[in-house]
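Colleague: Could you walk me through this model before I start looking at it on my own? I'd like the overall layout and then a few local spots.

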Amino acid sequence: MPIEDSARPAGAAAPLEPRKVTDARTLRALAHPVRIALLEALLHGGAQTATEAGERIGESPTTCSFHLRQLAKYGFVEEAGGGQGRSRPWRLTTIGMSFAPGSGDQEAQVASEVTMRLFRERQLARYETWLATRRSYGTEWQDAATDSEYLFYLTPGELRQMNAEVHEVLMRWFGLGGRIEDPARRPPGSVPVEALLFSYPITLPGPAAGTGEERGG
């Protein structure tokens with residue numbers, strides 16, 4: 001995947017529309033713990049040099065510089081302008097991404113599953129950290145956070161509709177007032193809050209009702 005010249009000027013916000021990643025080669029390029037950590041560091045901390053990112057994620061500037069260049073090769077990050085060598089700041093090209101391999105592309109599907117597992121491992125580790133440290137937060141934060149589970153009986157179409165409706169609500173908050181892109185817009189007392197959404201069937205569907213199919217006795 002070639003690198004395209006970015007027309008986004010220095011200091012301009014990254015687009016909030018998630019990037020759709022569909023091909024196996026690009027998905028495999030993401031499937032590395034350091035690269036995922038770098039993407040998260042740039043999301044949480046804004047533009048950073050390889051040295052600054054390395055301090056945040058616990059890796060050397062040399063390691064971060066290499067992986068940032070690889071992420072740039074596949075269009076996930078770009079130079080933010082200013083600096084040379086390892087003192088060049090890097091920024092995200094977009095905020096958020098979705099994995100959408102073609103239904104017939106098994107190689108891309110496998111790469112998508114591997115990459116998703118790496119992201120989820122980090123996210124669930126942060127959830128475990130919250131559970132272990134929640135008493136160190138004030139009662140306002142403890143009361144505001146939630147941990148819920150729901151059970152539905154749905155068709156594929158209904159599940160798709162429910163996900164779309166929930167996604168619409170979450171995206172309104174995701175883009176609220178440019179807070180992700182511009183730290184100056186974040187209200188006093190605000191902190192990063194992570195929300196994970198999982199929805200999946202827990203049993204295989206049985207024979208379709210009303211087909212006249214009979215079971216042997």
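Modeller: Helices (DSSP runs of H or I, at least four residues) and strands (runs of E, at least two) are numbered from the N terminus. On that basis, the elements run β-α-α-α-α-β-β-β-α-α-α from the N terminus on. This is a predicted model, in which local features need pLDDT of at least 70 and side-chain atom pairs count only at pLDDT 80 or more, while totals for chains, interfaces and linings use all residues. Residues are numbered from 1 along each chain as its sequence is written, and side-chain values use heavy atoms, with hydrogens and water left out.

Colleague: OK, and how much of the protein is buried?

Modeller: Buried residues make up 24% of the 217 residues, where buried means under 20% relative accessible area, exposed over 50% and partly exposed in between, with a 1.4 Å probe and protein chains only.

Colleague: Where does Gln48 lie?

Modeller: Gln48 lies in the loop between helix H2 (33-45) and helix H3 (50-57), and it counts as buried because its relative accessibility is 5%.

Colleague: Which backbone oxygens lie by a polar atom of its side chain?

Modeller: The backbone oxygen of Ala41 lies 2.8 Å from a polar atom of the Gln48 side chain, and the backbone oxygen of Gly46 lies 3.1 Å from one. Beyond its neighbours within four places in sequence, Gln48 is in contact (heavy atoms within 4.5 Å) with residues including Arg56, Arg88, Pro89 and Trp90.

Colleague: Switching topic, how many aromatic pairs are there?

Modeller: There are three aromatic pairs, counted when ring centres of Phe, Tyr or Trp (its six-membered ring) lie within 6.5 Å, with planes under 30 degrees apart called stacked, over 60 edge-to-face and the rest tilted. One of them is the tilted pair of Phe99 and Phe119, at 6.1 Å centre to centre and 55° between the planes. That pair links distant parts of the chain, with Phe99 in strand S4 (residues 97-99) and Phe119 in helix H5 (residues 106-133), 20 residues apart.

Note on methods:
A polar contact is a pair of N or O atoms within 3.5 Å; within protein, one must be able to donate a hydrogen and the other to accept it, and residues adjacent in sequence count only if both atoms are side-chain atoms.
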